Amino acid sequence: MKVYKPEWQCTFSVNEGVEESASWKQRVAWRFREFADRLDGGGRTIKIDCNVTPEVSREEVDTCLEKGFALSQSLLTQLAHQAACEDVMRDAKAELFEEEPQR
C-alpha cells in the first residue's frame with residue numbers, strides 16, 4: 001500500500017521599509033514608495049511577499065489578502081471603540097483611574 005503525504009509551504013512577509021541588506025534596486029523601489037506616500041499624504045505603503053507551494057492562483061491570494069485586511073479593519077474598529085469608551089469613562093469617572101501610591 002502506498003502512503004501519500006501532502007507537502008506544502010507558505011512564506012508570507014510584510015515590510016514597511018527597506019531592509020539594511022536590500023539591493024540597490026530594492027532601495028530605489030522603496031524611495032519611489034516613500035515619494036508616492038508623500039504625494040498621496042496620510043497613506044501607508046507596505047510590501048507583501050507571499051510564496052505558496054504548490055502554486056495557487058493570484059485571485060485566490062488576493063481573496064485571502066482581502067479577507068485578512070477586512071479582519072484587520074474589524075479589529076482596529078473594535079480597538080477604537082474600546083479606546084473611545086475608556087476616554088469617556090476616564091472623563092466621567094476619573095477616580096476609578098487614579099493610581100494609588102505604592103507603600
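Hi everyone, and thanks for coming. Please keep in mind throughout that we are looking at a predicted model.

Let's start with the charged pairs. How many salt bridges does a search of the whole structure find? The count is 4, and I'll walk you through some of them.

Take Lys-47 and Asp-49 to begin with. Their side chains form a salt bridge, with 3.0 Å from N to O. Are these residues buried or exposed, or something in between? Lys-47 has 26% relative accessibility, so it counts as partly exposed. Asp-49, at 28%, is partly exposed too.

Now please move along to helix α2, which covers residues 58–92. Arg-58 and Asp-62 both sit in this helix, and their side chains meet in a salt bridge at 3.5 Å, N to O. What is their spacing along the helix? They are 4 residues apart, or about one turn. On accessibility, Arg-58 is exposed, with a relative accessible area of 64%, while Asp-62 is partly exposed at 30%.

Helix α2 holds another pair, Glu-86 and Arg-90, again 4 residues apart, about one turn of the helix. In this salt bridge the closest N and O atoms are 2.9 Å apart. For Arg-90 the relative accessible area is 40%, which means partly exposed. Glu-86 comes out at 37% and is partly exposed as well.

Let me turn to helix α1, residues 24–40. How far does α1 reach from its first C-alpha to its last? With 17 residues, α1 spans 24 Å, close to the 24 Å expected at 1.5 Å a residue. What follows α1? The next residue is Gly-41, and its phi is positive, near 70°.

One last stop, at Lys-2. You'll find this residue in the segment before β1, the strand at 9–15. Lys-2 has 61% relative accessibility, so it counts as exposed. Where is Lys-2 relative to Glu-19? In sequence the two are 17 residues apart, and in space their C-alpha atoms are 46 Å apart.

That's my tour. If you'd like to follow along on screen, Arg-58 with Asp-62 and Arg-90 with Glu-86 are the helix α2 pairs I described.

How values were computed:
Residues are numbered from 1 along each chain as its sequence is written. This is a predicted model: local features need pLDDT of at least 70, side-chain atom pairs count only at pLDDT 80 or more; totals for chains, interfaces and linings use all residues. Side-chain values use heavy atoms; hydrogens and water are left out. Buried means under 20% relative accessible area, exposed over 50%, partly exposed in between (1.4 Å probe, protein chains only). Helices (H or I, at least four residues) and strands (E, at least two) are DSSP runs, numbered from the N terminus. The expected span of a helix is 1.5 Å times one less than its number of residues.
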